[in-house]
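Student: Could we go through the pockets of this model, and then one of its sheets?
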Amino acid sequence: MMIQNIAPDILDNHYTEQSPNADSPMLVYQNDKILIRFNPETSRTEFPSWKEFSGKKSAIYLFSVSGKPYFLLYESSDLPTGYEWYTMKDMQQLPRTGNTEPFLAFTGWHLWKWYQNSKFCGACGAETVFDHTERAKVCPVCRNHIYPRINPAVIVGITNMIPYFGPFIGAIPSAFLILLVDPKYFLSFVIMILVLQQVDGNLIGPKILGQSTGLSGFWVIFAITLFGGMFGFVGMLIGVPVFAVIYTGISTYVNTNLQRKHLTTETRKYVHVDYIDDQNRFVHLPEEEVRNVVSKEGFRKQVDAKRKKEEEEYRN
């Protein structure tokens, strides 16, 4: 997956029926390779043009970049000279002056793979043909239309960057797409997401986030809820790292002041402390009061006493 800035160029991938002219650039693929010519003097990647192919040839429109149309060559009896096959990885590592050519190469490659995978109808098995009114393959036998689609795993993977709630945010549109395309996989997808969310949200996520940010699971959920309520989806993404910075800043400030007063910075040392006297001595709560607050028996006694008091007041 590539996310590239190709400014000042503008990509328009809306399909329109077009025929290539003599100078139209052609994207030609073979497995994971693309046919290009690299110019080391200008560090530019050049695609072959339509006029450089001779004999029987066929092409289909892919997209336009700043008004310049690009085509996919899907049939040719011969290939032009002066060009070489580069793997997609090797092409990406070539010296370049911009991101446009690699971006176009990878975008075209994904469309080419979709055309290859849609060669036959999934309903009846007949060979599909191009639909010249939209970007689709159509079966001439059963009239089944096949369209490029986004894998639901991509949606869930992107939204999963939001801890705890991310899988659900991505699962809702993904489940809806699956329900429209193939309802029989809808229930299994929902069950899988629920299981993955429970494992990731309750076991893996808090452990990883807690170790990397220094926040406990409670503060992670607090940060997502707080920032999500204030700034929406963006707040959910930035909530944990921003809150971790705030939390660290406050912790550093408090610990610095405690050290200045020659007091310990261990939080557990302050549990059940009533107050600290002028000689920095810890004065703890009475043992009986601590026992009543902490123990389950003391808690039950408090609840029972409160209930009896309310019943007596009701009778009176």
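Tutor: A pocket is, on a 1 Å grid over the protein atoms alone, an open set of points where a 1.4 Å probe fits, with protein on both sides within 12 Å along at least five of seven lines; lining residues have an atom within 4 Å of a point. A volume is the space filled by probe spheres set on the points, which are joined across faces, edges and corners. This is a predicted model, in which local features need pLDDT of at least 70 and side-chain atom pairs pLDDT 80 or more, while totals for chains, interfaces and linings use all residues. Residues are numbered from 1 along each chain, and side-chain values use heavy atoms, without hydrogens and water.

Student: What volume does the largest pocket have?
Tutor: The largest pocket has about 1500 Å³, and its lining comprises 37 residues, with W114, P148, R149, I150 and N151 nearest the centre.

Student: Which element gives the largest share of that lining?
Tutor: Helix 2 does, with nine residues. Helices (H or I, at least four residues) and strands (E, at least two) are DSSP runs, numbered from the N terminus.

Student: And what about the second largest pocket?
Tutor: That pocket holds about 400 Å³; strand 7 gives the most to its lining, five residues.

Student: Now the sheet: what is the order of its three strands?
Tutor: The order is 9-10-11, in an open sheet with antiparallel pairing; strands pair if DSSP finds at least two bridges between them. Strands 9 and 11 each have a single partner strand, so one side of each lacks a neighbour in the sheet.
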